[in-house]
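Hi,

Here is the model I promised to pass on.

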Amino acid sequence: MDITRDTPLTSFPGVGEARAKKLEKLGLSSAGDLLTWYPRDYEDRRKVYSIRDAPLEGRVCISAMAAEHPRLARIRKGLELVQVKVVDHTGALHLTFFNQGYVERAIRAGEDYIFYGTVEEQGRRRTMVNPIFERVGKQSFTGCIMPVYRLTAGISNHLLASLVRQALPCAAQFPETLPQSVRQEHSLAAAEFSLKNIHFPKDEKALELARRRLAFEELFYLAAGFSFLKSRRSQGGEGVSIPPCSKAEFLSLLPFVPTAAQSRVMDEVAADMASGKPMNRLVQGDVGSGKTAVAAYAGWLCAQGGCQAALMAPTEVLAEQHFKSLSALLAPAGVRVGLLTGSLTAAEKKKVRAALAEGEIDFAVGTHALISAGVAFRRLALIVADEQHRFGVAQRAALASKSGEGTSPHVLVMSATPIPRTLALIIYGDLDVSVIDQLPPGRTPIETYVVREDKRQRMYGFVRKQVAEGRQVYIICPAVEENPDAALPGEESPILNLKAVKTYAEKLQKEVFPDLRLGILHGKMKPREKEAAMAAFTCGETQVLVATTVVEVGVDVPNASLIIIENADRFGLSQLHQLRGRVGRGQHPSHCVLITSTRSREAMERLHTLASTTDGFQISEEDLKARGPGDFFGNRQHGLPQMKLADLAGDMRLLSQAQEAARSLLDRDPQLIQPENRPVWERVRRLFADTPDIFN
Ligand code: ADP
Ligand code: MG
């Protein structure tokens with residue numbers, strides 16, 4: 001069979017309808033797909049041992065001759081056993097195969113084989129169970145570096161590897177997509193070589209060359225995409241020039257004196273907005289560092305300049321909270337603040353929309369409903385996106401079209417998730433960055449404890465004590481309802497004891513805190529119910545709020561001094577850090593209890609990391625290492641294409657090289673119109689195909 005990139009997997013021997021369906025689940029339907037299904041790991045099967053010298057640890061290859069004809073025995077119905085003794089000049093090895101009857105005929109006395117498996121010792125007898133075996137001289141999966149693939153049920157690594165091996169010849173049909181100049185400058189291997197050697201490398205060196213080239217390629221296209229975006233933006237329209245205004249006047253509205261860091265960032269923002277170029281600024285500041293004040297200042301400046309500003313929050317709870325605090329702050333200065341969320345009635349929405357179009361609202365606060373089609377502003381000059389990690393490149397690009405009149409709005413992105421430097425370079429490559437690296441004075445650091453189930457009663461006692469002192473408490477659960485289907489694949493125990501908000505809150509109220517006022521809050525509640533629950537907690541009516549992570553971002557109740565996180569091992573570190581940031585926002589000493597029954601040592605270590613530091617950057621680096629970039633950007637909706645090979649936590653140097661290469665290519669050919677750069681343009685387009693706003 002002549003294999004081309006497009007050869008369907010169903011034409012491979014051994015792949016019928018059923019297997020094809022399973023492979024499809026992995027996104028594999030043609031030979032070409034197989035080649036870009038990179039291994040997740042490798043097993044070194046190159047070293048071949050003699051029977052005596054083979055180590056007892058791990059799987060090894062042993063070369064030996066079958067000393068007899070295999071013996072087949074049926075132990076009972078459904079259990080077949082094949083046994084055979086193999087020998088070399090150092091001794092004998094006793095092989096047992098369970099339910100692989102074909103082995104009786106596959107192994108022939110007197111022939112030499114390579115057996116791959118784990119050697120065990122029973123007394124002086126050496127044994128191996130269910131080894132993989134191949135005839136000497138006809139090896140494809142022994143004596144080599146063996147790829148290990150991500151799999152799905154019903155597809156074994158062996159099957160996948162053999163399919164990939166058959167598909168290897170079509171590597172020649174993959175076009176070379178990296179420009180010659182770039183390959184030369186960075187000593188990158190050719191596409192064909194890399195596609196072959198990423199699967200079946202001759203040696204470590206070949207593997208490293210292949211990996212480096214393919215990872216470079218991924219990063220290169222990503223970087224090219226972002227550079228392209230940035231250059232387009234800087235050429236793109238004028239920004240509305242917002243004249244500078246008396247800062248003191250704004251500061252007199254604030255109930256506190258800004259920190260030096262806040263003050264500095266305010267100046268940076270004001271300078272950007274006065275410059276006549278559209279601002280594209282990211283404000284990074286740890287939870288509680290006071291980013292809202294910066295947003296308020298920017299909005300106030302806009303209003304003073306006769307323009308409109310819009311602030312977008314990732315959740316309704318947060319939008320409502322921002323609406324309240326910004327109204328309270330800015331209304332006395334004559335700024336008209338409005339709220340637009342999905343939960344308003346149709347009539348209310350219509351009214352707010354009309355007011356925005358008429359320019360009767362100066363500062364609009366809302367969720368993504370704010371940028372939905374049909375919302376028109378009279379003179380929108382500023383968009384603030386709170387909690388950027390939920391608000392990706394695509395959304396930002398969509399905003400650029402909102403201003404009208406040939407001007408682009410200023411964009412201010414606020415994030416409390418400290419982004420590891422590697423990721424920041426990629427995702428924020430097109431933004432200027434300000435950092436609020438200082439917390440308001442008078443905060444006492446949050447004490448964090450990791451506890452196990454045996455301390456549960458003591459923990460409840462602690463809740464009681466806090467409430468008795470007039471404080472409030474959050475209890476965070478990983479689930480809303482008890483749902484056995486929610487078990488993660490590979491979960492130790494299918495019987496879940498994940499705490500679920502509804503049942504747990506009922507139980508707490510009945511059995512543990514009958515005398516306390518408990519409330520619940522989760523994402524499945526109706527918007528009005530959520531609002532009411534949040535309001536009751538904010539004003540202190542609710543003493544203990546049992547909630548999901550809907551309170552994760554931005555919620556600000558300074559009187560809350562204790563947060564308990566159930567099944568803490570279920571959350572990412574950055575997420576825990578965010579949750580922890582819900583307390584310690586006032587002057588009260590605050591505490592965070594991470595309760596877990598995990599048996600994983602790794603999980604415990606991660607929780608202890610969190611307990612030992614409050615440095616958001618350090619925490620996010622740990623998170624990136626442990627869980628990959630997915631946690632930061634979720635999925636492709638956030639504008640960050642999937643990286644298959646590039647390790648965003650580890651390929652820092654490669655990334656900067658790729659970035660450098662992309663930049664210099666774009667310097668030479670900003671529109672990517674040179675024939676030799678067309679493939680780059682095509683690839684970048686395809687990479688961002690899910691975010692069409694960027695490249696049309
Ligand atoms: P975040 O950066 O997490 O969004 P917020 O803007 O919500 O932080 O501020 C956290 C809390 O700190 C709020 O209650 C806010 O009023 C208060 N705050 C902000 N800046 C200061 C300051 N300079 N001095 C005292 N309190 C401040
Ligand atoms: Mg905030």
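Predicted model: local features only at pLDDT ≥ 70, side-chain atom pairs only at ≥ 80, totals over all residues.

Residues are numbered from 1 along each chain as its sequence is written, chains are lettered from A and ligands numbered from 1 in the order written, and side-chain values use heavy atoms, with hydrogens and water left out.

Ligand 1 has 16 residues around it (a heavy atom within 4 Å), and the closest are Gly288, Lys291, Thr292, Arg443 and Asp556. That shell splits into five nonpolar, six polar and five charged residues (Ala, Val, Leu, Ile, Met, Phe, Trp, Tyr, Cys and Pro are nonpolar; Asp, Glu, Lys and Arg charged; the others, Gly among them, polar).

Polar contacts here are pairs of N or O atoms within 3.5 Å. The side chain of glutamine 262 puts an N or O atom 2.9 Å from a ligand 1 nitrogen. Oxygen atoms of ligand 1 lie 3.0 Å from a backbone N or O atom of glycine 290 and 2.8 Å from a polar side-chain atom of arginine 585.

As for disulfides (cysteine sulfur pairs within 2.5 Å), the count is zero. Cysteine 61 has its nearest cysteine sulfur, on cysteine 144, 7.7 Å away. For cysteine 302, the nearest is that of cysteine 307, at 5.7 Å.

Cheers

How values were computed: Polar contact = N/O pair within 3.5 Å; in protein donor to acceptor, adjacent residues only side chain to side chain.
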